[in-house]
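The sequence and structure are shown first.

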Amino acid sequence: MSLQEPKTVVVVGNGMVGYKFCEKLLAKTSAYNLVVFGEEPRHAYDRVHLSEYFNGKSADDLAMSSLEWYRENNITLHLSDTITEINRTEKTIHSQKGVSQPYDYLVLATGSSAFVPEMPGVEKDGVFVYRTIEDLDLIQRYAKTSRKGAVLGGGLLGLEAAKALIDLGLEETHVIEFAPRLMPRQIDSAGSAMLQAKLESLGLKVHMNKSTSSILGHDNIKGLQFADDTTLDVDMLVISAGIRPRDELARLAGLETGTRGGIVVNEKMQTSDESIFAIGECALYDGMIYGLVAPGYEMAEVVATSLCAGERAFTGYDMSTKLKLIGVDVASFGDPFVTEPDSRSIVFEDTHKGVYKRINISNDGKHLLGGVLIGDADAYNILLQTVNNKIVLPPNPEDLILGARGGEANAGAGVVSLPDEALICSCEAVSKGDICSAVTDLNVTSVEGMKKCNKAGTGCGGCVPLVKDLIHETLKANGTYIKNVVCEHFEYSRQELFDLLKLNNIRTYDDALDHFGKGDGCEACKPTVASILASLWNDVIAKQHTIQDSNDRYLANIQKGGTYSVVPRIPGGEITPDKLIVIGQVAKKYGLYTKITGGQRIDLFGAHLSDLPDIWSELIDAGFESGHAYGKALRTVKSCVGSTWCRFGLHDSVSFAIEVEERYRGIRAPHKIKGGVSGCVRECAEAQSKDFGIIATEKGWNLYVCGNGGSKPQHAQLLATDIDKETCIKYLDRFLMFYINTADALTRTATWLNKMEGGMSYLKNVIINDSLGINKQLEAEMQGLVSSYHCEWKEVVESPDLRKQFAHFVNAPKEKDPNVAFDTMREQVKAKDW
């Protein structure tokens, strides 16, 4: 009696959902032969983060697995081969390359294609869709010769495509939307208006209520013609006007399809042929196509369970979503559009910061029904859980978007109060109970560990903050002491390690590892220890070459294209004509691209690694020194022209800015530090957006601390009022050393203050009132650093051993990196992107 041959499951489509089906089926059984056909030349990759391809991620970075994974799991994989026919009678499919493959079960995961409106001119060169890596390669090549680009479609994908064009450096990027608002399927009119204003402030040009009638030009696109008789000159167009289910194969095979497209499926994802399933964007369930990845993953789980004789049904899916569009948080959850009389709404709108929040609650005030978040979506995860789990609202539901007032948080709020069945990771269907059990039963104590354990957070990544909170709270509930350690090699916080290295006079990484660590170290602890050592001893950082980040290793910022930037220090933005001439001569000699920075300095881009010491040498001879633009150190102290030139200036802000910058130059810290000095309250130096800001008053100076720009800007807070220069410097010495001594690695001063118990009141007590009795110590430590200042560039220039580190080829030190190439841009040269 022979053993029965295993049945064959054929998957048509090797996108995210097709791959996920294979993964889910293999996790449940090895009883099937798996055969996969993909029409693209590469195996499954992450389309959700496709736009990151323009930010340096490679196709391999986006890959969801490796070819080895398919081999290890005995999956037969056919790439670049399109299925042309399904023979349902013989249960066989036929491919373009002539492969005939029998099946017992067929899974159609053909996805969707870009919807391209019928209009004259879509065939012209310079018109693209935005779906695959190959599309992105074409867009990237064409953008190099283009100045103005447009995207047809203002939905999710359209705005992602617009971000791509911005990242590619086009001078103008336009978004054309037929509807009266952006993202009409996800957010309401007020939220769309706020989003539009935010995007326009970032340089995007948005055109609403525009119907494109034709594409102008002969062979290449030259512009767009609209139905209202207006035109727009553009060099390239990306069409992102929606998706169309890939159901043509199913139609040819006689399977039931929808009148507007899509393969009709039941709750088991079966088509009208019970041995054929459809999942993902090609599947039409209950009249709806689901265009997000999470519903596709759930469909894959349903089919994998059915093939293993299990019971699971697809009953629809929540289409809530959170994403960052061109740097702006956008989220919608539950029912974002429900209005009176079916609900009541609470709206918060801040046009200054570009924040809009709306929540819709039931008429009895007990339940959250949905909402929209623009500009600040930090509360998205908990709001979504509140909707999905029908959690009863607190007495003041506005606290959900405004935060609890009066010093008391709602006792029932937060991730801990969710039921165990609450779905935390919708992409991988991981519940709160699954995560808590992994912590309690399997001792999983990190997000990375959780990803390996049950894949929570490996999909879109939106649930990672909740996963982190759950791990932390479960450990606390289990009585586990949560210690903030540097990494597995150093069982200390940065503050503890800082004190240990200081007290024991440790001056090298190896000594630190021998005395207080274990193992060989890692990419987390090496630069952290290097930073601590630099903050303590102000030694030549280039001597710690092997434990630095690449920027600190070479005392220059590595840029796209493999070249480096050079930023000499220009205190207060003040520079003599002779020094300006030298910068120009150096830039010409070494072929560098020059740009005046926002910090009142001149940046020289495009330097080869081997040229850096020679460039520094010429700048040092002219009186320049390192500007530390690469380091976690003081960058600049920005200045207005103050009383020297300005009729409104109260004091000499330029001289004070130069004095402050020259005092703190080269001092290493947990993160970069920026300062500003303004000569009056008109604030031309933007001092209140800096880590420390000094503003002239009639009686002296006001000192502000702990501000920053970045993705979450925060104004600095007032530390002291109407103080003289000497007192200001004294307070600054104490403040900066207290920050250097106590902050976690890579923590800006604003975040450090936000996490500080007691906040600004506590900080004032420490810095001004000496409540800890450490101010003399802090002042002495700062003076030690100030007195031991040295220019890092000069140390390298004068040391033959250190100069050797800057050769690209050890055996040919004069040879430059052959992979570096340059393009011309606005009469200067720019390194080609990697």
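Does Asn 381 count as buried or exposed? The model is predicted, and in it Asn 381 has a relative accessibility of 10%. Buried means under 20% relative accessible area, so Asn 381 counts as buried. Asn 381 is found in helix H9, which spans residues 380-388. Apart from neighbours within four places in sequence, its contacts are Gly 462, Cys 463, Pro 465 and Leu 466.

**Parallel sheet**

Five strands make up an open sheet with parallel pairing, in the order S3-S2-S1-S7-S19. Strand S3 (75-78) and strand S19 (276-278) stand at the edges; each has a single partner strand, so one side of each lacks a neighbour in the sheet. On average, neighbouring strands of this sheet are turned by 15° against each other, direction ignored.

Within this sheet, strand S1 and strand S7 run parallel. Val 9 has Tyr 105 as its bridge partner in S7. Helix H1 (residues 16-28) lies across S1, strand S2 (32-37), S3 and S7. The direction of H1 is at about 170° to that of S2.

**Mixed sheet**

A further open sheet has 3 strands in the order S18-S20-S21, and its pairing is mixed. Strand S18 (263-265) and strand S21 (288-289) are the edge strands, each pairing on one side only. Strand S20 and S21 run antiparallel. The bridge partner of Leu 284 in S21 is Ile 289.

| Strand pair | Residues given | Bridges | Direction |
|---|---|---|---|
| S1 and S7 | 7-12 and 105-108 | 4 bridges | parallel |
| S20 and S21 | 283-285 for S20 | 2 bridges | antiparallel |

**Helices H11 and H12**

Two packed helices are described by the angle between their axes and the distance between the axes. For helix H11 (residues 432-442) and helix H12 (residues 447-454), the axes come within 11 Å and cross at roughly 105°. Angles of 65 to 115 degrees count as roughly perpendicular, and H11 and H12 are therefore roughly perpendicular to each other.

Which residues of H11 and H12 meet? From H11 they are Asp 434, Ile 435, Ala 438, Val 439 and Leu 442, and from H12 they are Met 450, Cys 453 and Asn 454. By class, this contact has 6 nonpolar, 1 polar and 1 charged residues.

Methods:
Residues are numbered from 1 along each chain as its sequence is written. This is a predicted model: local features need pLDDT of at least 70, side-chain atom pairs count only at pLDDT 80 or more; totals for chains, interfaces and linings use all residues. Side-chain values use heavy atoms; hydrogens and water are left out. Axes are lines fitted to C-alpha atoms, for helices over the stretch in contact, and angles run from 0 to 180 degrees between N-to-C directions. Angles under 35 degrees count as roughly parallel, over 145 as roughly antiparallel, 65 to 115 as roughly perpendicular and the rest as oblique. Contact means heavy atoms within 4.5 Å. Ala, Val, Leu, Ile, Met, Phe, Trp, Tyr, Cys and Pro count as nonpolar, Asp, Glu, Lys and Arg as charged, and the others, Gly among them, as polar. Two strands pair if DSSP finds at least two bridges between them. Buried means under 20% relative accessible area, exposed over 50%, partly exposed in between (1.4 Å probe, protein chains only).
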